[in-house]
Amino acid sequence: MRLINVAAAQLGPIQKGDTRDAVVSRMLALMDGAKSRGADLIVYPELALTTFFPRWYVEETAEADRWFEKTMPNEATAPLFERARSYGMGMSFGYAELTEDGHHFNTSILVDQSGTIVGKYRKTHLPGHAEYSKERSFQHLEKRYFEPGDTGFKAWRTMGGIFGMCICNDRRWPETYRVLGLQGVEMVLIGYNTPAVNPLRDAEGPSERLFHNRLSVQAGAYQNSAWVVSVAKAGIEDGHHLIGGSLIVNPAGEIVAEAKTEGDELLVHGCDLDDTVFGKKTVFDFARHRRIEHYGLISEQTGVIAPE
Ligand code: ING
């Protein structure tokens, strides 16, 4: 048995006017709760330090740099690293990264129980658009403010297992989980900020969004025999509704914990990483069953080419 007690630390809304210090205080309160419940690892959402700023259009993208972190850890986040280390707790959270050479990424990090950053991931699949969109009731400008990630999907040996990360829209793409699965991933850590409605399709409201949220994560977990911990920033941010629905899913694809609110909420579950072994040795023994000679289109072709 390789048990790791995991805390999914869902954050409620972060308003445009909220300071990073106020947010970090909320994150520390969740970390204290996780410690009291015996957690060895805490997982926070995508862009955990700020409001979901890609909903706001600015002409000069440099004006959006205020939402980015130039170093990590930094003054605002140092208390998180210090307390996690003092608790012997691993940690993952997402933030907007501005690199020294001026690149902008939607990033998440994995910090081990000694407080060392052992992994960094930069979001691959950027949804939305780059220019102001008149037909939308709200903007989703990730393609304006971020570059596609340059890390790819990596897995790291740490905390007694093999861990990987992805961010939000990545969880909707099966390629994400399979590339991690081909590295033997045993637990995938995900953060997300998902609008509760589709600005281009009225029929797609919170219940369908929550259904797709579960579907994507349960499929990824089952099809790669891995635990998936997927954590929301939720609630109403300056009038804009984000879904909750944070989940912990086991390697059989079953939901073992799910958030009930759209606020700051902690889910804690004892995850046995050995529960991943049966699936990896039977139905999803990739070496025994996959036929890569037939999968070429998946990496050779980007879009659809339909038959004549
Ligand atoms: N948010 C959303 C997500 O992928 C989205 C955007 C919602 C795309 C629903 C497609 C359908 O969960 C982010 N931040 O990627």
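Six strands make up an open sheet with mixed pairing, ordered β5-β4-β3-β2-β1-β14. Strands here are DSSP runs of E with at least two residues, helices are H or I runs of at least four, and both are numbered from the N terminus. Two strands count as paired if DSSP finds at least two bridges between them. This is a predicted model, so local features need pLDDT of at least 70 and side-chain atom pairs count only at pLDDT 80 or more, while totals for chains, interfaces and linings use all residues. Residues are numbered from 1 along each chain as its sequence is written, and side-chain values use heavy atoms, with hydrogens and water left out.

**The open sheet**

- β5 (117-122) and β14 (265-272) sit at the edges with a single partner strand each, so one side of each has no neighbour in the sheet.
- On average, neighbouring strands of this sheet are turned by 25 degrees against each other, direction ignored (axes are lines fitted to C-alpha atoms, for helices over the stretch in contact, and angles run from 0 to 180 degrees between N-to-C directions).
- Strand β1 (residues 3-10) runs parallel to strand β2 (residues 41-43), and three bridges join them.
- A7 has I42 in β2 as its bridge partner.

- Six of the six residues in β8 (residues 187-192) are buried, meaning under 20% relative accessible area, with exposed over 50% and partly exposed in between (1.4 Å probe, protein chains only).
- M187, L189 and G191 point one way from β8, while V188, I190 and Y192 point the other way.
- In a regular strand, side chains alternate between the two faces of the sheet.
- On one pairing, β8 meets strand β7 (residues 161-167) in the parallel sense over five bridges, with I167 opposite G191.
- β7, helix α4 (residues 174-181) and β8 form a right-handed β-α-β unit: with the strands pointing away from the viewer, the path from the first strand over the helix to the second runs clockwise.
- β8 also pairs in the parallel sense with strand β9 (residues 227-232), over six bridges, and M187 stands opposite W227.
- From β8 the chain crosses through helix α5 (residues 206-223) to β9, again as a right-handed β-α-β crossover.

**Around the ligand**

- Of the 13 residues around the ligand, E142, C168, N169, R172 and T194 come nearest (a residue is near if one of its heavy atoms lies within 4 Å).
- E142 has a polar side-chain atom 2.8 Å from a nitrogen atom of the ligand, and an N or O atom in the side chain of R172 is 2.9 Å from a ligand oxygen atom.

How values were computed:
Polar contact = N/O pair within 3.5 Å; in protein donor to acceptor, adjacent residues only side chain to side chain.
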